[in-house]
Amino acid sequence: MLVSANSNQPWNSPLPTLVLLPKCKTLSDVSQIHARIVTTGFISNSYVTTKIILKFSSSPHHPLFQFARQLFFLQHPYKNPQTRRNPFLWNAVIKTFSHGDDPKQAFVLLCLMLETGVCIDRFSVSLVLKACSRLSLITEGMQVHCLMNKMGMSDVFLENCLICMYLRCGCLECARQVFDRMTNRDSVSYNLVIDGYVKSGMVESAQELFDVMPEEEQNVITCNTMINGYTQLVDGLRIAWDLFEKMPSRDLVTYNSMIDCCIKCGQLETAYDLFRRMPKRDLVSWASMINGFAKLGNVSIARSLFNEMPRRDVVSLNAMMAGYVHDGQFTEALNLLYDMNGSNLSPDNATLLVALSAITQLARVEEGIAIHRYIEENQISVNGKIGVSLIDMYSKCGNIKRAIEVFEKVAKKNVEHYNAMIGGLAIHGICEFALELFLEMEKLSLKPDDITFVGVLNACSHAGLVKEGLTCFELMKRVYNLQPKIQHYGCIVDILSRSGHLEEAKKFIEAMPVEPNDVIWRTLLSACKNRGNFKIGEPIAKNLMELDSFNSSHYVLLSNIYAKAGMWKKSYGIRKMMMERDLKKVPGCSSLKLEDVVHEFFVGDRSHSQGGEIYSMMDSLQALNSEPMYSGSIV
C-alpha cells in the first residue's frame with residue numbers, strides 16, 4: 001500500500017507520522033516512514049523513534065521488525081541515557097529475536113546489555129531463556145542461570161522459565177534440581193516437570209510427583225498430562241479411566257487424550273463410545289477415531305466417520321489415506337487425494353509420502369511424475385523423507401534414470417537417501433554404481449546402517465560378486481559394529497547359492513548364530529533344484545515339509561529336484577502326496593497395465609471380463625504360427 005496522511009498538523013509535528021504506523025506492512029511502507037523521519041529530522045527525536053520501535057517490534061511483518069532493530073541500534077543503545085536505566089526498549093528488541101527468526105541474537109543482546117551497563121530485569125532474562133529453549137542452547141542457558149543466581153533473581157516465573165529451558169534442552173535432571181530448590185511453586189512448576197517425565201517415558205516418576213502435588217494446584221492440564229502418560233503403561237487404561245472419572249472438570253483435550261489412550265490400548269469400542277458422548281468434538285477427535293479404525297482394519301467405518309465430519313483438515317485426510325494404504329487399498333487412497341483437490345485443503349509432506357507409497361505399490365509412474373511436479377512447483381525440499389520416497393518410487397516403478405536425477409538434486413543427502421538409491425540400483429542390477437555409492441558414504445563420514453547393507457548385499461548377489469559380498473558382510477560386523485539380522489544372513493545365503501557354492505551356503509546356515517527361517521532354507525533349496533544337487537536339497541526339503549506340511553512350495557521343489565535327477569518314481573510320489581493332502585501349487589500370475597488399469601492373469605484362469613476375446617485371439621495367433629512356412633515366389 002501507499003501510506004499517506006491528510007492532516008492539518010504542522011510539518012514539525014510528529015503526529016502525522018505516528019498516525020501512519022498502524023497502516024504499515026510492506027518494505028515500501030517502511031521506506032516511506034524512514035524517508036519521512038529523516039526529512040523532518042524526527043530520526044533524532046527519541047520520543048518518535050521509541051514509538052516506532054515499540055510499534056514495529058511487535059509486528060508479524062518482517063520488514064517492520066527488521067527496521068525496528070536497525071533504528072534501535074542506530075539511535076538508542078549508547079546515545080540515550082534513558083535506555084541504560086530502563087531496559088523496556090531493549091526487551092522489545094530482544095523479543096523480536098527470541099520469538100523471531102534468529103533466537104541466538106537474543107543472547108548476544110543480553111551480553112551487550114551487560115557490557116554497556118544497561119539494567120537487566122526479569123523480562124530480559126525470561127526472553128533470553130525462551131531463545132535458549134527454542135534452539136536447545138544449553139551452554140548459554142546455564143550461563144543465564146548463573147547470572148540469575150549472581151543477581152539474586154529468583155521468583156516463580158523465572159524459575160519456571162528455567163525449568164522449561166532445561167526440559168527443552170533434554171536436561172531433565174537439571175530441571176528437577178531447579179524444581180526441588182524452589183521456595184515457592186505453582187501449578188505451572190508441577191505441570192512442567194510432570195510433562196517432562198511423561199515425555200521421557202518416566203511415568204512412574206511423574207506419578208510420584210503427581211501424588212505429592214497439592215490438590216489445590218492440580219488442574220485440567222495436570223490430569224491431561226497424566227492420562228497421556230498412562231497410555232505407556234501395561235495397565236494404563238484402567239488408571240487413566242479412574243482419573244478421568246474423578247476429574248471435577250474436563251475439557252476437549254481431556255476427552256481427546258482419553259480417546260487416544262483407549263485406542264492405543266486396543267479398546268476401540270470404548271473409544272468410540274466416549275467419542276459419541278463427547279459434548280464437543282474438534283478435528284483431533286475425528287482424526288483420532290479415523291486413525292484408530294483404519295489401523296485396526298475397519299476401513300469402511302473409518303471412511304464413514306470421514307464422510308460424517310462437519311469439516312475436514314489435512315490431518316484427517318492423511319489418516320484416511322494411510323488407512324487405505326495399510327489395508328492394501330492403494331487406488332482408494334489416491335482417489336481420496338484426487339477427490340479433495342477441489343477443496344481448500346493443501347497436501348502437506350505427510351500426504352505426499354502416503355500418496356507416493358500408494359503409487360509405488362501400484363507402479364503408476366505417471367502419477368508419481370505428477371506428484372514430483374507438484375513438489376517442484378511448490379518448492380518442497382527433497383532433503384528429507386520426500387526425496388527418499390521419490391527415489392524409492394522411481395526405482396520400483398522401473399525408472400531408475402529419474403531416481404538417479406532426484407538423488408543427484410538432493411543437496412543434503414543423509415543415510416536414508418543413500419539406502420533408497422543403493423536399493424534401487426540393486427533391483428535394476430546396476431551393482432557397480434551401488435558399490436560406488438557405498439564407498440562414497442564412507443568418504444562423507446556417513447555411517448551406513450543395517451538397511452544400507454541389505455541393499456549392498458543384494459547388489460552383490462545380483463551381480464554374482466561373491467568376494468565383495470562376503471567382504472561387505474565382514475565390514476558390517478567388524479568395522480561398523482552392526483549386528484547382522486536375519487535379512488543379512490539371507491543375502492549371504494543368496495549370494496553363495498546363486499554362484500553355485502551350495503556346500504558353503506549350507507555350512508554358513510548351520511553356523512548362523514540365529515535360527516534360520518524357512519525363507520533362507522528355501523533359497524538354498526531353490527538353488528539345489530536349479531543346480532540339480534539332490535544330495536543337499538533332499539534333506540532340506542524333507543525338513544521343511546516336517547516344519548510346515550501345508551506349504552506346497554516345499555513339495556514342488558523336492559519333486560522338481562527328483563525329476564532333474566531322473567528319479568521319476570520319487571518325483572511322482574511327492575506329487576501323489578500333495579494330492580492326498582489336498583495341496584495345490586500356487587498358480588503363476590502375470591500382470592499387465594493398460595490405460596492405468598492393472599490386469600492380472602493366472603495360469604488356467606478364464607475369469608477375466610474379456611476372457612473369451614483374449615483366448616480367441618490367442619487361439620488365432622497359435623493357429624497362425626502353426627501354419628507351414630513357404631519359401632520362394634507364388635506364381
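Contact means heavy atoms within 4.5 Å of each other. The model is predicted: local features need pLDDT of at least 70 and side-chain atom pairs count only at pLDDT 80 or more, while totals for chains, interfaces and linings use all residues. Residues are numbered from 1 along each chain as its sequence is written, and side-chain values use heavy atoms, with hydrogens and water left out.

**Exercise 1. Determine how helix H34 is placed in the structure.**

Step 1. Helices are DSSP runs (H or I, at least four residues) numbered from the N terminus. Helix H34 covers residues 552-564, and its 13 residues reach 18 Å from first C-alpha to last, close to the expected 18 Å at 1.5 Å a residue. That expected span is 1.5 Å times one less than the number of residues.

Step 2. Buried means under 20% relative accessible area, with a 1.4 Å probe and protein chains only. Ten of the 13 residues of H34 are buried, so the helix is largely enclosed by the rest of the structure. Among them are His554, Tyr555, Leu558 and Tyr562.

Step 3. The partners of these buried residues are helix H32 (518-531), helix H33 (534-547) and helix H35 (568-580). After H34 comes Gly566, with a positive phi near 80°.

**Exercise 2. Describe the geometry of the Phe72 and Trp90 pair and the elements that the pair joins.**

Step 1. Rings of Phe, Tyr and Trp (its six-membered ring) pair if their centres lie within 6.5 Å, and planes over 60 degrees apart count as edge-to-face. The structure holds 15 such aromatic pairs. In one of them, Phe72 and Trp90 are edge-to-face, at 5.0 Å centre to centre with 85° between the planes.

Step 2. Phe72 belongs to helix H4 (residues 62-75) and Trp90 to helix H6 (residues 88-98), so the pair ties together parts 18 residues apart in sequence. Phe72 and Trp90 are both buried.

**Exercise 3. Identify the ring cluster that includes Phe275, and the charge over Phe275.**

Step 1. Ring pairs link Phe275 with Tyr272, Trp286 and Phe293 in a cluster.

Step 2. A charge sits over a ring if NZ of Lys or CZ of Arg is within 6 Å of the ring centre and within 35 degrees of the ring normal. Arg281 lies over the face of Phe275, 4.6 Å from the ring centre. Elsewhere, the charged end of Arg312 sits over the ring of Phe306, 4.6 Å from its centre.

Technical notes: Rings of Phe, Tyr and Trp (its six-membered ring) pair if their centres lie within 6.5 Å; planes under 30 degrees apart count as stacked, over 60 as edge-to-face and the rest as tilted. Helices (H or I, at least four residues) and strands (E, at least two) are DSSP runs, numbered from the N terminus. Buried means under 20% relative accessible area, exposed over 50%, partly exposed in between (1.4 Å probe, protein chains only).
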